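You asked for a quick read of this model before you dig in yourself. Here are my notes, in the order I would look at things.

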Amino acid sequence: MAYDDYLDGEKVIITAALTGGVHGKEANPNLPETPAEIGRAAAECEEAGAAVVHLHARRPSGERSFDRERFQAITDEVRSRTNLVVQHSTGGTGAPLDARRQSLRTDPPPEMASLDMGPLNRYRHLTSENTRGTIDALYDEMAEKGIKPEMEVFNDGHLNEVRDLLERRDVAEPVYATLIFGGGTTAPPSPRNLLNAADHLPDGTLFNTLGFGRHQLPLTTMGILLGGHVRVGLEDNVYYDRGELAESNAQLVARTADLARTLGREPATPDEAREILGI
């Protein structure tokens with residue numbers, strides 16, 4: 001995608017990342033954790049302009065869960081309340097491969113799933129190896145089940161890994177990659193780095209923009225201007241403004257949808273997103 005796509009007014013896909021697996025209600029009491037809370041939050045986000053929902057599972061205690069049954073309960077809630085494209089996380093800091101496969105085994109499987117494109121460190125003790133063997137194993141199960149991979153590019157080296165995967169596997173077009181900016185071994189958040197990453201994606205790749213914390217608003221705005229798609233939500237950013245906690249995931253989605261319209265791009269509906277993504 002490119003600036004010409006912005007000029008042409010191509011619709012923008014807004015992904016809502018509702019809860020994640022790192023911080024919980026201690027960071028923002030409005031962050032959903034139970035299946036019912038996540039289902040309600042997803043419905044609010046669809047009404048606010050989201051087309052895709054990125055899902056993690058939580059135990060009843062609020063801790064992250066890789067359990068298939070927990071993903072099933074959450075996805076059932078979301079599907080009963082919305083028409084959103086369901087995207088499950090397969091990310092897993094320190095988790096074994098078999099645990100990370102579980103989110104691909106709901107009935108029905110998710111329409112999309114995240115695929116971390118290489119190793120990364122975040123915070124003091126969070127490391128995810130993401131070897132090529134792990135990437136291939138997760139990709140192959142996605143391909144077998146007809147799940148579209150959302151390739152998560154945490155730094156420039158992962159751009160090489162996207163190209164490498166395209167050489168090893170027959171990935172269905174359009175290829176979809178999320179460019180991620182933040183701390184640790186994630187790409188340093190700056191407009192120049194977003195431009196650089198977007199310029200080095202393989203030809204024809206659709207891109208999504210994700211900025212952690214206070215970088216969410218400026219980098220997603222820039223992603224809209226560059227003809228890309230965007231991800232917002234309490235998983236990535238618990239604040240609405242400096243020192244002001246977000247009231248909900250939907251509040252962040254609504255601001256992004258309004259911004260996209262102001263800049264001349266309408267948010268895609270879930271069915272329009274399916275058409276754009278080739279699902």
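The points below go from the barrel to its packing and then to a few individual residues.

1. First, some housekeeping. This is a predicted model, so please keep in mind that local features need pLDDT of at least 70, side-chain atom pairs count only at pLDDT 80 or more, and totals for chains, interfaces and linings use all residues. Residues are numbered from 1 along each chain as its sequence is written, and side-chain values use heavy atoms, with hydrogens and water left out.

2. Start with the barrel: 8 strands close up in the order β1-β2-β5-β6-β9-β10-β11-β12, with parallel pairing. From one strand to the next the twist averages 25 degrees. Strands count as paired if DSSP finds at least two bridges between them. Angles run from 0 to 180 degrees between N-to-C directions, using axes fitted to C-alpha atoms, for helices over the stretch in contact.

3. Now look at β1. It is joined to β2 by 3 bridges, and it pairs with β12 in the parallel sense over 3 bridges as well. On the β2 side, alanine 16 has valine 53 as its bridge partner, and alanine 17 has histidine 54. On the β12 side, threonine 15 is partnered by arginine 231. Both faces of β1 are covered, with Ile14 and Ala16 buried on one side and Thr15 and Ala17 on the other. Buried means under 20% relative accessible area, exposed means over 50%, and partly exposed is in between (1.4 Å probe, protein chains only).

4. The largest nonpolar core has 29 residues, and Leu18, Cys45, Val53, Leu55, Val78 and Val253 have the most contacts inside it. Such a core is a set of buried Ala, Val, Leu, Ile, Met, Phe, Trp, Tyr and Cys residues joined through side-chain atoms within 4.5 Å. Apart from this core lies another, of 28 residues, including Leu138 and Phe207. Leaving aside neighbours within four places in sequence, cysteine 45 is in contact (heavy atoms within 4.5 Å) with Ala16, Leu18, Ala50, Asn249, Ala250 and Val253.

5. Have a look at glutamate 150, in strand β9. This residue is buried yet has no salt bridge, and arginine 231, the nearest side chain of opposite charge, is 4.5 Å away. A salt bridge needs a side-chain nitrogen of Lys or Arg within 4 Å of a carboxyl oxygen of Asp or Glu. For charge, Lys and Arg count as positive and Asp and Glu as negative; His and the chain ends are not counted. Beyond neighbours within four places in sequence, the contacts of glutamate 150 include His54, Tyr176, Asn208 and Arg231.

6. Why is helix α8 largely enclosed by the rest of the structure? Because 7 of its 10 residues are buried, among them Leu219, Met222 and Ile224. The buried residues of α8 pack against α1, β10, α7, β11, β12 and α9. Glycine 227 follows α8, and its phi is positive, near 85 degrees.

How values were computed
Helices (H or I, at least four residues) and strands (E, at least two) are DSSP runs, numbered from the N terminus.
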